[in-house]
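Hi everyone, thanks for making time today. I'd like to walk you through a few local features of one model, so please have it open while I talk.

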Amino acid sequence: MPVGPVDQRESFPRNGTPGRGRSTGTRVRLPTPDSPVVAPPAQDANTFLARLPLTASLLFAIASVLWVMLTDILVELLSSSPDQLAMVQTFKGIAFTLVSAALLYGLLRQATQRTLNQQARAQQNSERLGIALAATKSGVWEWHFPSRTFYLSAHLTDLTGTGRGAAYTWADVLERIHPDDRAQFGNVISQALQEPEQEHSAQYRVMREDGTTAWFEVRGRLLTDADGEPMRVAGVAIDISHTKEKDWRIERLTHFDSLTGLPNRAQFMRILEGRIEQRNGSDTFLLVVRLDISRFQDINNMMGARTGDEVLTIIGHRLEDVCGQTGLVSRFAGDDFALAVSSIDSLEAAQELAGALSQILHAPIELHGKTLSVSIVMGAAIAPSDGGDAETLIANAEMALVRARRDGAPLGFYEVGMNETFRERAFIEQELSAALRNGGLSLVYQPIVRADDQGLIGFEALSRWSHPKLGVVPPSTFIPLAESTGLIADLGSYVLRTACAQAASWNSALRRSLLVAVNVSARQMESDCFVDEVARVLAETGLAPECLELEVTESLIMEDPEAISGRLQRLRDLGVQVAIDDFGTGYSSLAVLKHLPVSKLKIDRSFVQDLNASQGGDAIVAAILELAHSMGLTVTAEGVETPKQLEFLRQRRCQTVQGYLIGRPLPPEALGAYINGSATSLPPR
């Protein structure tokens, strides 16, 4: 709602004491008589009539009328001598005069009271307006055309921290406007001249005397004289600094990471699209990098979340320092960062910059008197060859990151053909998930026999996947995929339950105890619920605990032997047998090995295949067997394919063997005839 004009004759502050403090702390100041919105009080000379008693005035008028009546009676009673008649007429004239004076007093008093009431109402309205202006942190202003001068109310000078005075020139006010807003200063006045019937507004930053900056919304409209000629533009200026601060905070929360202050993913993608558009048509290159911190969770677990946050902040600052003015750095989530560097002169320079980033980020971090070694994995894509839009470049950099992580490299570049590879991977992942839900997987069982007489002691359960379109998908393809996508836990649960149910069925029919060996993934062993799951499956399937053997890889044990040892002991307490699978490939310490609650070692097939081929291979297998015997452990040799290998193992007292010489993995229906027959004959090969 527009505010009315300001009287030019009233006094406005200009120079003097600077404003005190910020606008948010401005004291509410009641209007004073010199305020442009307060009318002057009535003059004292006009108020004496109002103070006369009204009753006295009425009595005086009644007495005057009675006096006139008395003079008429005296004229009739007295003789009509000229002197007496003149005297009576004189008194009569005096009486008429007094009556007229009384009537005139009544009229004057009524007019005076009306004026005083109007001035009181104006005073109240002015006070209310002043309070409203102070409460809303507003002030009145006007631009006077004839004098080309600004007038500011006392409220406005307090809000802007401007000294008080009578008037301001255009240059005076412009000097107070923030340099970035001076170009649009005067928009309200120019728009008011073009559209006089409307109110116009604009927002400016004002610099106070104390060095602070405040935001103001300025509103105004054109006022004309009686002839319709423009005289002035008047309006209000409202301090909106608090609102702007809230908007700024919302902007930060919406578009920036609260921890590092870096742009978030949405903001990064928006800015990146703009830089790609700027690059189009030029000969420069644009580098996009995705990166994350390897095993960052270990830092949080060992040193606390606060230290982890500090590491993330340091990494973000390092990225900003290296990228410089042409770089854009973002934290997507967790330890997942992205960056883009534009205006690179050559493809080689972009590749060199990516390499330099990798080296700098791998530098140790000094924090709280400790040195932290941080391992960064990066994937890079370069425009225009690797993509022409933000989504494509980010996706291709992500593919390069996945490839680098899989290959154990600190940096990888996108290559043509990765898209097809990842599309195939995504399709297989989707189909594997569906197969787990819909029973599309199956188990085969490879026999485990005694080395001395080849008597059957049990089977190792192995998963198989036959897809209607993909055909037979080898375990070397879908098991690593399951591990990387988190499906390995579901796959492991399926194998455990199915194998235990099958072994329980065999043992019930044969009235004997065949062993079933099941491989355990790292994801399963890391779960606190795994031991409970094993106990539940045994109870539900009815398999005796001693008929279940869980195989844990040597490399998994060596990653965290204390934690794994605790879970292995709980499994042993259930009565389950525990074997170290692929023994000899994980470089386990004998000091660690002798304290592990395991019952068996399984020699990796790579060592068995070297038997009788080299003295080194023979010596390694012989040493493993001797070690196991000294520790009271059973040994199973995997991958036995020739009679000579079997004979070597038998002579060195290897208890059990498995491999293609003994029997290939077969589905349970192919093993039925053998299981129901003699236990000393070998299953078909």
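The face of H9 that is turned away from its buried side carries two exposed residues, Asn301 and Met302. Exposed here means over 50% relative accessible area, buried means under 20%, and partly exposed is in between, with a 1.4 Å probe and protein chains only. Before I go on, a word on the source: this is a predicted model, where local features need pLDDT of at least 70, side-chain atom pairs count only at pLDDT 80 or more, and totals for chains, interfaces and linings use all residues. Residues are numbered from 1 along each chain as its sequence is written, and side-chain values use heavy atoms, with hydrogens and water left out.

Back to H9, then. Which residues of helix H9 (residues 296-303) are buried? They are Phe296, Ile299 and Asn300. These three sit on the same side of H9, because they cover an arc of only 95° around the axis; that arc is taken from the directions from the helix axis to the C-beta atoms. Helices (H or I, at least four residues) and strands (E, at least two) are DSSP runs, by the way, numbered from the N terminus. What do the buried residues of H9 pack against? Their partners are strand S6 (285-293) and helix H10 (305-323), with contact meaning heavy atoms within 4.5 Å. Just after H9 comes Gly304, with a positive phi of about 100°.

Now let's look at strand S8 (residues 336-344), which holds Ser342. Ser342 counts as buried because its relative accessible area is 14%. Setting aside neighbours within four places in sequence, Ser342 is in contact with Arg275, Phe285, Leu286 and Thr326.

Where else does a positive phi turn up in a residue other than glycine? Gln454 has one, again near 60°. Gln454 is in the loop between strand S13 (441-450) and strand S14 (456-467), and at 21% relative accessibility it counts as partly exposed.

While we're on backbones, there is a cis peptide bond between Ala383 and Pro384, with omega about 15°. Pro384 is in the loop between strand S11 (376-383) and helix H12 (390-407).

On to charges. Side chains of opposite charge can pair when their charged atoms come close. A salt bridge here is a side-chain nitrogen of Lys or Arg within 4 Å of a carboxyl oxygen of Asp or Glu. How many salt bridges does this rule give? The count comes to 18.

One of them pairs Lys602 with Glu551, at 2.6 Å from N to O. Lys602 is in strand S19 (residues 600-603) and Glu551 in strand S17 (residues 548-553), so this pair ties together parts that are 51 residues apart in sequence. Are these two buried or exposed? Both Lys602 and Glu551 are buried. They also belong to one network, in which salt bridges that share partners join Glu460, Glu551, Lys602 and Glu638.

Compare that with Arg450 and Asp453, whose closest N and O atoms are 2.9 Å apart in their salt bridge. Arg450 is partly exposed, with a relative accessible area of 32%, and Asp453 is partly exposed at 37%.

Then there is Arg205 with Asp180, where the closest N and O atoms are 4.0 Å apart. This pair links distant parts of the chain, 25 residues apart: Arg205 is in strand S3 (residues 200-207), and Asp180 is in the loop between helix H5 (170-176) and helix H6 (187-194). Asp180 counts as exposed, at 60% relative accessibility.

Last stop: His255, in helix H7 (residues 241-255). At 22% relative accessibility, His255 counts as partly exposed. Leaving aside neighbours within four places in sequence, His255 is in contact with Pro263, Asn264 and Gln267. His255 and Gln267 are 12 residues apart in sequence, and their C-alpha atoms are 5.3 Å apart in space. The side chains of His255 and Gln267 also make a polar contact at 3.4 Å. For that term, the rule is a pair of N or O atoms within 3.5 Å; within protein, one must be able to donate a hydrogen and the other to accept it, and residues adjacent in sequence count only if both atoms are side-chain atoms.
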